[in-house]
Amino acid sequence: MRYAKAVLTLLILLAAVTSLCVQGGQKAERGKVVIGVIGPMSSPEGMAEEKAVKLAVEEINAQGGILGYPVEVVVGDTKLDSNTASTEFRRLATIENADVVIGGFSSGVMLTMMETMAETKTLFLADASSPAHAKKVAENYDRYKYWFRVTQNNGSTFALDLADMVKFLKDSGYDVKKVYIIRDEHVWTDPVVEALIPLLEEQGVEIVKDVRVPRGYSEYEQLIQEADSLDADLIMPILAIVGTGDILTKQWVTLKPNILLAGHDLAAIDAELYNKTNGMANYEVFLADGGALITAPPTEKCKEFVEAYKKKYGHYPESHQAYGAYDAVYLYKTVVEMAAKDGEDDPFNPDVLVNYLEKFDASNPIMLTRPIAFYKNHDLMWGDNYVRNWISQWQDGKQYIIYPESVANGELKLPPWIE
Amino acid sequence: MIDVLLKIIVFGTVVGGIWGLVASGFSLIFGVSRILNFAHGAAFVCAAYVAILLSGSGFNVYLSILAGLAVSGLLGYLVYLLTRPVRKNEVMVIIVTLALALLIQQILLVNFGDKGISMLPLVQGFVELNNIKVTNMRIASFVLAVASLVSLDLMVSKTRIGKKIIATSQDSEAAMLTGIDVEKVLILVMVLSSILAGFAGILYAQIFAISPETSLKALIYAFAIVILGGLGSLRGSIVSSFIVGYILVLTITFLGARWSEFVMLLAIVTILVVRPTGLFGVEE
């Protein structure tokens, strides 16, 4: 028995020494920087992330890489499935030795990936909207501190944006008293509606019905007519996962009810929506999730980015995830260089880089395609001076920001059939 | 209450029409060849994609639709070729057609992504029936679907080729002995069924939008409807497609949209528990 214990102790010691050697070896052997990009690669969100990361990396490599190391991109496909997402994240972190992982759409798969991130201690510049992610960071900082939300604000700020949208419509002369909500049957919409109810109540606006629709749902004509029969002034979509926001828009334009369509519809952010619906996307009011539109880039870098994207891929970004993914690469490069400049032993160490990312707070945003700053729980900072979901509208084949005035490049235009 | 009833009847009928087209083709193939064609949904989406892409590139819209139908017909022929060597093994048939369906779905995903694209409706606008707005395209789709289904039914029950189809479905070996070229009948059935699915897809893309994932939805609906109607019963499939339409609309009206497909599938399971052969099926 004593002999067995001695062997076991020896084995453990051997494993520990080997592990240290491997870590040391990796450090000594660094010949490149590896950036992992993960997402549903058949979806516009994932495709845009991959393309944006590759574009940023190409630009960075052309300028000498990060601290002189060439940057390599490795790709993981979540297929929007939690198990696959976790496996792919682990592959990127442990087999491909990614220094940082970027992306991760959407909220459901993000929760699983965060566990793999914590186990592998991998820096994760992430894309998903549930407030639950940042809550994890706040509740167990040491475990989840490697996670930063880069692409869009968390879901609870959608409520602020949507309430502002209603206020803006009222201020613009379109009276809103009754709202009919159509939303994803998904975890991310619950906190949005929960936060939205009191905000609308403050404005004297009633929610006449809150309808949840499953993924792939298409029978919106009935819902539009129900909204009409309930005297709603506004049909408010809160749709992302359902994947059929374009059908809602098309059926709204076909039926021409005396109700405005205004809310958060991920389909409306797609710059190609007008073409994909043969011009039937006109007049939909939507939130420019992620804080940028091709037609109204908020920063110079954003303007350069969308044109570079078009030049490289022949079309503009297919989803707003492109901005976040592109920013994430430059953000990573920036913090690594800051750490190196400060004389850190290992400027690629995720524990070190967390401290540098946290330096970008309310008083010190970094100006990328959008002004990026983080809250203490690593959520992306919301506000007119940071990232927010601009109130926008489709008008004759073009997306315009119509609120707030500081960034607006158009005005609200009501559909001709609305009295 | 009359308003609600009217709404259910109107919407249920128009919803049922399109699914009737998809399901009748699925049923026809099974009835004649005992093949469960899991690539049936692929014909539904492929025809729509071809029609949308061609019409979007400036081709005449009717020619684009014909091209879409031709592609779905070719897909039916491909299913015939692929299943011919394994026709006697039902499991292999399912695997082969399912693999083809998944392959086509992946090809579409890689090339077009998972977001929907739609076709401009051939007829626009809507009519109001007792305060219920029904789009003209829905009405046109319903009329076209019913016309197609009636023609199909007449062809099967009244024509010479229809009699060959019935003979083959009842006993293919006996049909062969009477001089019927069973293989030609099978090709005809596969191609015709796929064209019906393709036609439904083209109509669907005008009312809704089509994406690679829609192929799975079409397959599930077709499968559910055909089982409800009784495997192999063409008329059963047509009737049950309308039943499914009414169940969907009833659920959306009284329970909410989130329950629509769940209740539809639950109702089908319940009916099958009471009547395992489906509404119009007979025990073999």
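Q: At what angle do helix α2 and helix α14 of chain A pack, and how far apart are their axes?
A: In this predicted model, α2 (residues 44-62) and α14 (residues 321-341) of chain A pack at about 35 degrees, with axes 7 Å apart. Axes are lines fitted to C-alpha atoms, for helices over the stretch in contact, and angles run from 0 to 180 degrees between N-to-C directions. Helices (H or I, at least four residues) and strands (E, at least two) are DSSP runs, numbered from the N terminus. Local features need pLDDT of at least 70, side-chain atom pairs count only at pLDDT 80 or more, and totals for chains, interfaces and linings use all residues. Residues are numbered from 1 along each chain as its sequence is written, while chains are lettered from A and ligands numbered from 1 in the order in which they are written.

Q: What makes residues of α2(A) and α14(A) count as meeting?
A: Contact requires C-beta atoms, placed from the backbone, within 7 Å. Among those that meet are A:Ala52 and A:Leu55 in α2(A), and A:Tyr326 and A:Val329 in α14(A).

Q: Why is one side of β7 and of β14 of chain A left without a neighbour in the sheet?
A: Strands pair if DSSP finds at least two bridges between them. The open sheet runs β7-β6-β8-β9-β10-β13-β14 (chain A), with mixed pairing. Here β7 (206-213) and β14 (398-403) stand at the edges, each with a single partner strand, so one side of each has no neighbour in the sheet.

Q: How do you know that β9 and β10 of chain A pair?
A: These strands, residues 260-265 and 285-288, share two bridges in the parallel sense, which meets the cut-off of at least two. A:Ala262 has A:Val285 as its bridge partner in β10(A).

Definitions and conventions
Contact = placed C-beta atoms within 7 Å.
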